[in-house]
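Student: Hi! I've just opened this one and I'm new to it. Could you walk me through it?
Tutor: Happy to, let's take a look together.

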Amino acid sequence: MGKRLVALSFVATLVAWPVWSQDEGSVILEQETAPPPPAAQPLVDETPDAAPVKDGPAPAEPVAEAPVPDPGPDAPDEGEPVARVTPDPSAPADEAPDPEPAQEPSDEKPPLIDPILPIGDEPLAEAGPDPKHVNDPDNRVGECRADTLYVRGGHAPVRFTVDVADTPDSRAQGLMNVKSMPLSKGMLFIYPAPQPVAFWMKNTFIPLDIIFADRRGVVVHIHHNAKPHDETSIPGGEQIQFVLEINGGYARMMGIEEGAQMRHPAIRRAAWPC
């Protein structure tokens, strides 16, 4: 029994010991009995490493936002409907003008100017008959031919069968030594360009009406009934290119006067064209 009491007393003493130690400010027992705090361990990033990107695009970088412009005082209020302009699909789009092509040198020749030539030995410029024969527009006369000349402006268009003198020699010869001539026959003198012209009646056996016309075939002067063998000069004018000789008195008979028009393929700028 005594041993049991001693044992209980010892146990009670051990139980009460921590309380005494706290009262005295001693924490020896607690320091000896408390387990040491666990040592701090380094933080480990448990996030799995990202797999390296192979042959892929670089990550997109953040884009800076553009500043919003000030709408101004005329901008509609928030929530107010705004009219939307729809482009007209039929309106042509603005296109750049086509560049102008480079101008190539032209082969066109400048117009010929009628030369002022002396009477006589010059080559014909344009007095030759036109090879193209065209019917008369009003179908009242026949087609243009080198051996036919028409005159209108009198009582009615008159047709003459003519011999053409278009060289210096043929013009110098004219109707010399001709003893007679049919009423509807004549001779047409053609000069290379408009020029002063004068005739005479040397060695001519029949009276003649000499009809002078300009470059357009318009009659500008008529000398009626020139006397045979008269060597007096008969001027026709300053700008004469065509002269028609016919039997004397026939011009008055047919009413041919100044202003009448000749029609022949040699008259290129004719007032009465072929």
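Student: What is the mean pLDDT of the chain?
Tutor: The mean is 73, and 49% of the residues reach 70 or more. pLDDT is the predictor's confidence in each residue, from 0 to 100. This is a predicted model, where local features need pLDDT of at least 70 and side-chain atom pairs count only at pLDDT 80 or more, while totals for chains, interfaces and linings use all residues. Residues are numbered from 1 along each chain as its sequence is written, and side-chain values use heavy atoms, with hydrogens and water left out.

Student: Where does the pLDDT stay under 50?
Tutor: Residues 19–34 are one such stretch, and the model has 5 contacts for them beyond four places in sequence. Residues 115–139 are also below 50, with 52 contacts beyond near neighbours in sequence. A contact means heavy atoms within 4.5 Å.

Student: OK, new topic. How many strands form the sheet?
Tutor: There are 7, in the order β5-β4-β6-β3-β2-β1-β7, making an open sheet with mixed pairing. Strands here are DSSP runs (E, at least two residues), numbered from the N terminus, and two of them pair if DSSP finds at least two bridges between them.

Student: And which are the edge strands?
Tutor: β5 (219–226) and β7 (261–263), each of which pairs on one side only.

Student: How do β4 and β5 pair, parallel or antiparallel?
Tutor: Strand β4 (residues 208–213) runs antiparallel to β5, over 5 bridges. In that pairing, Leu208 stands opposite Ala226 of β5.

Student: What holds paired strands together in general?
Tutor: Strands of a sheet pair through backbone hydrogen bonds, either parallel or antiparallel.

Student: What about Lys185?
Tutor: Its side chain meets that of Asp163 in a salt bridge at 3.4 Å, N to O. This pair links distant parts of the chain, with Lys185 in strand β3 (residues 185–199) and Asp163 in strand β2 (residues 158–165), 22 residues apart.

Student: Why does Lys185 count as partly exposed?
Tutor: Because its relative accessible area is 22%. Buried means under 20%, exposed over 50%, and partly exposed in between (1.4 Å probe, protein chains only). Asp163 is partly exposed too, at 35%.

Conventions
Helix = DSSP H or I, 4+ residues; strand = E, 2+ residues; numbered from the N terminus. Salt bridge = Lys/Arg side-chain N within 4 Å of Asp/Glu carboxyl O.
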